[in-house]
Protein chains: 2
Amino acid sequence: MLDSQSPSALIATMAGEARAAAQALALLSTEQRRAGLRAAAEALRAARAEIIAANALDMKRGAANGLSPAMLDRLRLDDARVAAMADGVATVATLDDPVGATIDEVTRPNGLVLRRVRVPIGVIGIIYESRPNVTADAAALCVMSGNAAVLRGGSEAVESNAAIHRAFVAGLAQAGVPAGAVQRVATTDRAAVGAMLTADGLIDLIVPRGGKSLVARVQAEARVPVLAHLDGINHVFVHAAADRAMAERIVVDAKMRRTGICGAMETLLIDIAYPDPAALIAALVATGCEVRGDGRARAVAPGIAAADDADWDTEYLDAIASVALVDGLEGALAHIARHASHHTDAIVTADEGVAQRFLAQVDSAIVLWNASTQFADGGEFGLGAEIGIATGRLHARGPVALEGLTTYKWLGLGTGQVRG
Amino acid sequence: MLDSQSPSALIATMAGEARAAAQALALLSTEQRRAGLRAAAEALRAARAEIIAANALDMKRGAANGLSPAMLDRLRLDDARVAAMADGVATVATLDDPVGATIDEVTRPNGLVLRRVRVPIGVIGIIYESRPNVTADAAALCVMSGNAAVLRGGSEAVESNAAIHRAFVAGLAQAGVPAGAVQRVATTDRAAVGAMLTADGLIDLIVPRGGKSLVARVQAEARVPVLAHLDGINHVFVHAAADRAMAERIVVDAKMRRTGICGAMETLLIDIAYPDPAALIAALVATGCEVRGDGRARAVAPGIAAADDADWDTEYLDAIASVALVDGLEGALAHIARHASHHTDAIVTADEGVAQRFLAQVDSAIVLWNASTQFADGGEFGLGAEIGIATGRLHARGPVALEGLTTYKWLGLGTGQVRG
């Protein structure tokens, strides 16, 4: 890797090394990949002081550059956070291995056996922002699923990412897993991101991890397929037949448990026939949430602010919710069809027929009945960890974990068959 | 639809109508979709004379425009071909319905039930060339899988496609399936293709059906995900331990049964340790195949032409094959890694260990052991029909049929769960 290389030549070189490592990785046994990750976790623990020292450089530069307290907190590593990162890698090493699993198998009348088996995708590009733990998390998921990773972290975490990467690949190599399987783009030149996004044929899939502007840039520029969600404008529809206590509990949790995550509720839709919409809105207001209502919501809860047109398409990621009163299930479905981001939407109702229609007709990656939208998370789905949440329609939807990082091929086992 | 609309406005309008129809279609039962396709097949049969008359106009214009005999043959419809097209639609109506199937289901410790169910992708754009039967074939696969189709056929078949489309959607409507589910782009303005390729968010998936230049244009310009194969540079590797009679039978079938299909063998790799490479090459020559060899192949079969560098990357789609002698399995794997198009590759060997390594290491959509590459076909795979063959890594690989035209969503069934 030469400093004089153009960004696209640099990415081509790294992707080529990653491809070669991926081919070697695909031939390792499950246990060999698990051992590599355990060794990487151990190496991260052993390099704790070095990683925290590198992080201190990033923190100092970040403070000098005027990063916000929230950004500095995302950037900061300490003993506990490094330990948690290493534990996360070790946990990925315990997950079910999707590679090599048979999806289905059929024997044709001519005796040809056709078997679909899961295989790694190949080379995964990860483009992320300030949290340095993504370096280890994403690398672990890629290696466990037999993929090579090309990691491009944010410039604000460059020292931290370098130290984490160094320890991680040293651990892999110690256990006989090719270090080339995890490539790090060291340059902070933003043109390197553009080179990754257009490296079709070299990088097989891009996963952006970060804020909306990063994801929007990736989606706009990428020639390589992307797994991502741009935003989570998630709805909870409280139907006329909802249990009132359950509705309040779910609405408050969906909005307020953590307001900054993509699974948080942004819009509450209340059936016009729901017995006490004012109490439901009051429950939300009582938690400190700013509520912005449409005309009908303000008619029942005069104290709330007025929502304008933009509110229905806004992901607040904050203690703010928009609220509309809608005409039953049809009104809710129409609102969601117009404004949803296909991420996570929920209905609260005791009427199973209504729930089934909602589940069938809402076109989102995750559709919930009588549960909080905050369950939109790979860990909560039992996937062990997630590389991200996807709202596109192809390949993988919702929380994407190891299985989503695989594809399949067809094996045909014959005894001399010809079509003749 | 106004003639004065820009191509992108036209495609946006059609895709919007398709989306609305897709939403209605997704709510129909399996039996309703089957009935729609049976009615469409019946309507095609009933419109036979009208379709053939329309086709005669295309044939006349095509002849005047100097289309080649092969292209005119692809364009031509007669009683038998219309009947076969209608039968094809009726057959799709009998296939297993993937929509609504549960992929997996888990009950979490908190009681939340998470179920992944197959759902249609949404709106599929099909861009195709001269064969007018694609109008009916592609529409049938889309409707059966609950998707709406936006069809853009070649200008040379415009009258035929219009007549087929008219009959097809009339049949659908008779059976209560929305006619808007199958949209036809009537304009022959090539800018309409560009508008489809960049209609991200409006069209969910593009499937090109046609020659290499069409597929290359689609892959280069598309912002919408594409399922396709650019070419099928397929290899047969005859290993030292191959049964000689089987090897000759498979090689001759793979190359010569039909030379113009994407599953045809283009390159024969013969293990240097195979007992009689000259006889294998002679068997191919005896069928009328032109053979172009590397130096080692010409040393054992001096009569054949010399291959140049370009031959190893050429899809002949003709009675021509390139032949190289390689150093065992490793030599074959290296050649395939360098030159394959990730479509279909085969090994002939009696050595199971060698076969398993070939199956594991060749990175192609279809990898065969002791069978002809000409089995690369949805019908031969038992899928009933195919919309195409994909060589990309994501979503679906190899022959793509109804299941490949679906995605999934997560349903979460709770009893009031919150993350708290």
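Buried area is the accessible area (1.4 Å probe) that two parts lose on being put together, summed over both. Between chain A and chain B it comes to about 5,600 Å², with carbon and sulfur atoms giving 52%. The model is predicted: local features need pLDDT of at least 70, side-chain atom pairs count only at pLDDT 80 or more, and totals for chains, interfaces and linings use all residues. Residues are numbered from 1 along each chain as its sequence is written, chains are lettered from A in the order in which they are written, and side-chain values use heavy atoms, with hydrogens and water left out.

**Stop 1: the interface**

**Stop 2: polar and charged pairs**

A polar contact is a pair of N or O atoms within 3.5 Å; within protein, one must be able to donate a hydrogen and the other to accept it, and residues adjacent in sequence count only if both atoms are side-chain atoms. Between the two chains, 54 residue pairs are in polar contact, both at pLDDT 80 or more. Helices (H or I, at least four residues) and strands (E, at least two) are DSSP runs, numbered from the N terminus.

A salt bridge is a side-chain nitrogen of Lys or Arg within 4 Å of a carboxyl oxygen of Asp or Glu. There are six between chain A and chain B. To view one of them, select Arg116(A) and Glu403(B), whose closest N and O atoms are 3.2 Å apart.

**Stop 3: the axis**

Superpose the copies by least squares on the C-alpha atoms of residues with pLDDT of at least 70 in both. A rotation of 180° with 0.0 Å of shift along its axis puts chain A on chain B, at RMSD 0.0 Å. This is the relation of a two-fold axis. Select His395(A): within chain A, its C-alpha is the nearest to the axis, at 1.9 Å.

**Stop 4: a sheet across both chains**

Two strands pair if DSSP finds at least two bridges between them. Show the open sheet of 10 strands, in the order E10(A)-E9(A)-E11(A)-E8(A)-E7(A)-E12(A)-E13(A)-E16(B)-E2(B)-E1(B), with mixed pairing. Its edge strands are E10 (305-306) of chain A and E1 (102-107) of chain B. Phe237(A) has Leu269(A) as its bridge partner in E8(A).

Now select E16(A) with E13 (residues 366-371) of chain B, which pair in the parallel sense over five bridges. Gly412(A) is bridged to Leu368(B) in E13(B).
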